[in-house]
Amino acid sequence: MSSQHSYTNVDKRLVKSYFDSKIYIMTETAEIMKVNPDIQKERDAATIDMEELAVIIYGKEQLSKKRKLEDAVFNDPDYKCVPSAFLSREEEYEEGLRKSSLAVLKQSKLSDLIEDHKDIMAYNSNVSSINVLFDLNYGMFATTVLGQGTTEQQAKWLIPSLSHEIIGTYAQTEMGHGTFLRGLETTAHYDPNTQEFILNSPTISSIKWWPGALGKTSTHAVVLAQLYTLGKCHGIHPFVVQLRSLDDHKPLRGITVGDIGPKMGFGPNDNGYLKLHKHRIPRTNMLMKYSQVSPDGTYTKPPRSTLTYGTMTFVRVLIVHGSAIALAKASTIAIRYSAVRRQSELRPGEPEPQILSYPTQQHKLFPLLATAYAFHFVQLAMMKIYTDVNDQINNSNFSRIQELHALSSGLKAFTSWVTNAGLEVCRMSCGGHGYSQASGFPRLYADFTPSCTYEGENTVLMLQSARYLVKCVRDARSGKTLPGTVSYLSEDVSAVHSGGSSGRDLSNLDFLISLYKQRASNQVHFASDKVDRGISAGMDLVGALNSASVHLVSAAKAHSHYFIAKTFVESLKLLKASSELQNVLHQLASVYVFEGIAQSSGDFIEDYILSGSEAKTIRQLAVDLLPLIRVNAVSLVDAFSFRDEVLQSVLGRYDGNVYENLFKWAQNSPLNKTDVHPSYHKYLGPLLKRNQSKL
């Protein structure tokens, strides 16, 4: 197999030098090698069983499968390659395509480990870090066909896409429109004479822009377009469009497709553009599970217009999961490095302390570590809600669609914003070395940060969530019963008002969660009142919502924050764990809850939920926990079970041997192939020697 998939543009000698120098030498299953004594000391001093926690995070069977899949990838010489930092963009794309294709060919040998969609995604992510070339084929193209296609349409496209006879993507975003779906300009006009849809990109701003794997890889796409039939527009609908010939991969007639060029990250991904000009597709290429166009052009509308957006909701749930993973990786790198990095004498003549021992470093990193755990538990809860609601939809129960959309929108925005900022805090906590590609942070940040804008720009998503919350307030006032995640909006939460009270147990998490609930309720009702006052002043609903938009975003943030804090605390109560591990996880949850209040203390004080002195007490409670978490910090990140090959960080190595391997990494830079770079003879040499004859 390896001889059939050899390196082409990538220098074979460079590949060999990397793996001869054993840059990625330490894995969980690899031969034990010398470990930095500082990081070993951290593990020896831990009071928790790291393996017990790893099982809680992944589940015993999934953890075993995860490790076996990783062994299958990282012990396979066919997957070895040069770190992406040393590749050109074209080399990155080719290498990504090589490994992604190879992974498909090797999957059949791993049938006992790859049993479902989740296993495929996990396997592929190990092969290509973020396997952007085929992930949209599974995660969006196939998901859309499954969720919105008829049985016949699923038979036509679902199996071929999952068996990689075709490669699909999801073409929604346009150059001029993204989150505002109703504003999409791509058109699909039905021609009853030929029973075909005619697809067009009528303006420059209507060109599809950004879809992953669209530029050079995908053969098909689900294209979202404005449906016109019998002279009437029926809004956005999904259409399956073949983009390229299955014989020679050339674009079909009426299709102009290509790569949009370099981006901050995702180098291997050929994010693309798609311009349609009088491109015809059969009537049956419109996905018709919920809405239909008959041969004569008669349109049958879906039971709910929001059903078209089901794929986006699913992807937003995945982004919540991705936020947890990204922040866990960043915390792992920063905490491990902080355990081996020593800096600055506290007193003359004393050894330089590990920077992990400084309270300021702990205060930077431990709340983010706690947040990574909070996001882990909330993504599990979010996926369960998604699954439950989706099952209800399949049984024609659409009662919770709006709740799911609002919750997934708010959580996607909240978690990606927090993670995006947290990655930078972790990078800067590693000092100057955090700026090196060797740290893993540049790629981690660049690949994660688009989460704040794709599948819905975060501010817009917060506003969508908030509009639902305002609706819930109005429903509650009219006596309607609110669904689970928003039921508190109909409750009287004034009982926890500070009102000059004293002696309240500010370390009790259940009590503090009730304060989060009051804060969220107050923020939502305040924003709703702002909207009502705008309408009373003569504005229409749209104008009133826009006028109150700043307050609406704050309300949606408070609602999301409450849901996360509540879910974290309640999830820990259900865990079956040793008393010591329960205690340590309770410390993490406490830090998350305390810090959340400390960072948003203005909200709590303004509404008299807390007094100023109580807010100060809670801030100090968070600080008091830092040295307790310090004891288990390294084991808490080890439990995430990221192999070195997955982290791709010299600073975050499991063995802690940072400096030796940082030097090796630098030595293997392509610029160091020769002592004198060839450009010296072209430019620098003549410049330096230009006046030698005059000396």
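## Strands and crossing helices in a predicted model

Strand β3 (residues 196–200) pairs with β9 in the antiparallel sense, over four bridges. Two strands count as paired here if DSSP finds at least two bridges between them. Helices (H or I, at least four residues) and strands (E, at least two) are DSSP runs, numbered from the N terminus.

Before going further: this is a predicted model, where local features need pLDDT of at least 70 and side-chain atom pairs count only at pLDDT 80 or more, while totals for chains, interfaces and linings use all residues. Residues are numbered from 1 along each chain as its sequence is written, and side-chain values use heavy atoms, with hydrogens and water left out.

Back to β9, which spans residues 279–282. R280 of that strand stands opposite I198. R280 and P282 make up the uncovered face, whereas H279 and I281 sit on the covered one.

K278 is exposed, with a relative accessible area of 58%; the scale runs from buried (under 20%) through partly exposed (in between) to exposed (over 50%), with a 1.4 Å probe and protein chains only. The C-alpha of K278 is 9.6 Å from that of H189, though the two are 89 residues apart along the chain. H189 belongs to strand β2 (residues 187–191) and counts as partly exposed because its relative accessibility is 34%. Leaving out residues up to four places away in sequence, H189 touches E196, F197, I198 and Y228, where contact means heavy atoms within 4.5 Å.

There's also an open sheet of three strands, ordered β4-β8-β7 with antiparallel pairing. Its edge strands, β4 (208–209) and β7 (255–259), each pair on one side only. Between β7 and β8 (residues 272–276) there are five bridges, and G258 has Y273 of β8 as its bridge partner.

Now the helices. Two of them can be set against their expected spans, which are 1.5 Å times one less than the number of residues.

| Helix | Residues | Length | First to last C-alpha | Expected span |
|---|---|---|---|---|
| α10 | 359–394 | 36 residues | 52 Å | 52 Å |
| α17 | 579–599 | 21 residues | 30 Å | 30 Å |

The axes of α10 and α17 come within 9 Å and cross at roughly 105 degrees. Axes are lines fitted to C-alpha atoms, for helices over the stretch in contact, and angles run from 0 to 180 degrees between N-to-C directions. The pair is therefore roughly perpendicular, a label for angles of 65 to 115 degrees (under 35 is roughly parallel, over 145 roughly antiparallel, the rest oblique). The contact includes F366, Y373 and F375 of α10, along with L585, L588 and Y592 of α17. Helix α17 is mostly covered, with 15 of its 21 residues buried.

Among the residues in contact are F414 and W417 of α11 and H559, H561 and F563 of α16.

Last stop: S641, in the loop between α20 (633–638) and α21 (644–647). S641 has a positive phi of about 60 degrees without being a glycine, and is buried, with a relative accessible area of 0%.
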